[in-house]
Amino acid sequence: MEQAQMQIKPKRLGWNEADVQLYTPAKADRGASKAAENKLGVKQDKKGIIPIFFAVDDNYLPFLSITLESLWENSSHAYDYEIYVLHSGIREDYQEKILRYNEKDGLHVSFVDVTERLKKIFDKLHMRDYYSAATYYRVFIAEMFPQYDKALYLDSDTVILGDISELYNYDLGNNMLGGAPCEGVNSFDVYRRYVKEVDGLDTDYFFNAGVILMNLKAFREEGFYEQFADLLSKYKFRLIQDEDYLNVICQDRILHLPRAWNKTPVGPDKLAREDLRIVHYLMTWKPWHYEDIPYGDYFWEYAVRTEFYDYLKGLLDNFDEKGLENDKLCEKNLKALAEEEIARPDGYFKTYGKMYGNV
């Protein structure tokens, strides 16, 4: 019976890949990271603080443990990492497990219910009754945390294999943010057409918002939120949502980072471990569902060290053909939605052109 079950275990590779063509440059424009000086033995009288933000719900909180486990192991201990977990209500038992990472030297984890903070911001920007989903929390980090001028935002379905302080120490200069090219967009023809025709942007430099370095001071001082509120009142991006808004509004003020800082299993090219910095298991490329996900072994390398390992292993063991069909349907529906948006006569770029993006 066990052998029969193993034979029908769903595999992720081999479906919906006919149109994969990776246009993403191997190395995009680089800024200079100042973190290397710490590796050269330069003494610091005081540890620097690196603020890192996550937005989670109950479903994704267990995966945060892998991100934190890998961050602590692979990042410079010349810094203290101030971790903020943004939410609007999550399980206390999950919180307790994550808060145990405060026992690790250099990590400090705080859970922040942002419900009331966002209500005040929405009232201020006349944005009542818009978005409350966790995916939009990162947009408002600058407003919610005025004590920071610069910060990192990371999705929780990531494994950190490089030194996160190197990412933080990229010089943003006059840019609003830094991000790596989005392989999820660049790997499928329909999404490339969506970015070109709906957003009016160059797909090679459309960044994925799951790993971004944010110039919070510029967000506050240079009118980002006013543009965001104005654009949101005029046009609702349905496909990639806040990622569309960030790319459109910040389009001329982006530091383009190497994709090693946001490498996904989607792209057909494979990077060696020594060349990887962050692996991001986006879309349906989840190692806790499929055993054949590229870079999936890095996820399990750190998952086994966490208190959520049994739960995560259960997700893999219990994922079946129904889950596979649901994933296929999800991707089919996303592509159909992209086609709908491309065909709209009143699409964003068709209607507004380059009206936005001048922060």
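1. A polar contact is a pair of N or O atoms within 3.5 Å; within protein, one must be able to donate a hydrogen and the other to accept it, and residues adjacent in sequence count only if both atoms are side-chain atoms. Helices (H or I, at least four residues) and strands (E, at least two) are DSSP runs, numbered from the N terminus. With that in hand, look at D320, which caps the N-terminal end of α15: one of its side-chain oxygens lies 3.1 Å from the backbone nitrogen of K322.

2. A word on the model: it is predicted, so local features need pLDDT of at least 70 and side-chain atom pairs count only at pLDDT 80 or more, while totals for chains, interfaces and linings use all residues. Residues are numbered from 1 along each chain as its sequence is written, and side-chain values use heavy atoms, with hydrogens and water left out.

3. Staying with α15 (residues 321-343), its end C-alpha atoms are 33 Å apart, which agrees with the 33 Å that its 23 residues should span at 1.5 Å a residue (1.5 Å times one less than the number of residues).

4. Strand β2 (residues 79-87) runs parallel to β3, joined by seven bridges; the bridge partner of Y84 in β3 is S110.

Note on methods. Pairing = 2+ DSSP bridges.
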